[in-house]
Amino acid sequence: MKKYLFILTIIILISCKQKSINTSLRSDKDLKDLVCLKGDTVAYEELSNVYIDYGYKDFLPYALIMANKYNYPQACFDVYFCLCDIYGKTGDIFLDDLDSTTQKMAIFYLRKGIELGHCQSMQTLGKFYISGKYVGENIELGEQLIKKGDSLQNIW
């Protein structure tokens with residue numbers, strides 16, 4: 001009996017191994033088409049979940065499309081996050097390894113996210129202003145951004 005249980009366990013483990021983590025009922029191609037052609041935010045979020053285990057460098061084009069073509073606030077932050085991830089650094093203040101042009105791009109998308117009301121962009125750029133890293137030090141503005149980001153986050 002133990003032998004059959006062991007074999008059954010092995011078969012289940014092998015059959016559960018997947019190439020894609022897409023848990024959506026839609027294919028990766030369908031999600032990409034919906035993002036690129038229609039700006040579908042639900043498809044975008046599903047697609048972001050597909051890329052979570054693969055690293056976000058391949059997700060960057062979709063974040064850029066949603067940020068630029070459709071002005072989707074989360075995508076603006078995702079561009080920042082993808083740029084950090086490409087260099088193997090994610091978190092609050094990890095732009096040090098990025099070249100200056102890429103740093104400026106990351107900051108640009110945080111600012112765009114703020115313009116569109118994205119709370120995590122506010123909190124992140126607020127920390128940059130307080131520390132004086134990547135932007136001129138402005139503690140008052142930094143604290144305002146963090147406070148506003150916190151209040152918006154509590155709404156959701």
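H118 is located in the loop that connects α6 (100-115) and α7 (119-131), helices being DSSP runs of H or I with at least four residues, numbered from the N terminus. The model is predicted, with local features requiring pLDDT of at least 70 and side-chain atom pairs pLDDT 80 or more, whereas totals for chains, interfaces and linings use all residues. Residues are numbered from 1 along each chain as its sequence is written, and side-chain values use heavy atoms, with hydrogens and water left out.

With a relative accessible area of 8%, H118 is buried (under 20% relative accessible area, 1.4 Å probe, protein chains only). Its side chain forms a polar contact with the side chain of S121 at 3.0 Å; such a contact is a pair of N or O atoms within 3.5 Å, in which, within protein, one must be able to donate a hydrogen and the other to accept it. Residues P73, Q74, F77 and G113 are touched by H118, residues up to four places away in sequence not being counted (heavy atoms within 4.5 Å).

The structure contains 10 aromatic pairs, defined by ring centres within 6.5 Å, with planes under 30 degrees apart classed as stacked, over 60 as edge-to-face and the rest as tilted. F77 and Y80 form a tilted pair, at 5.3 Å centre to centre and 50° between the planes. Both residues belong to helix α5 (residues 73-86), 3 residues apart, and both are buried. The rings of Y80 and F128 are edge-to-face, because their centres are 6.4 Å apart and their planes lie at 65°. As Y80 is in helix α5 and F128 in helix α7, this pair ties together parts 48 residues apart in sequence.

Key:
Helices (H or I, at least four residues) and strands (E, at least two) are DSSP runs, numbered from the N terminus. Buried means under 20% relative accessible area, exposed over 50%, partly exposed in between (1.4 Å probe, protein chains only). Rings of Phe, Tyr and Trp (its six-membered ring) pair if their centres lie within 6.5 Å; planes under 30 degrees apart count as stacked, over 60 as edge-to-face and the rest as tilted.
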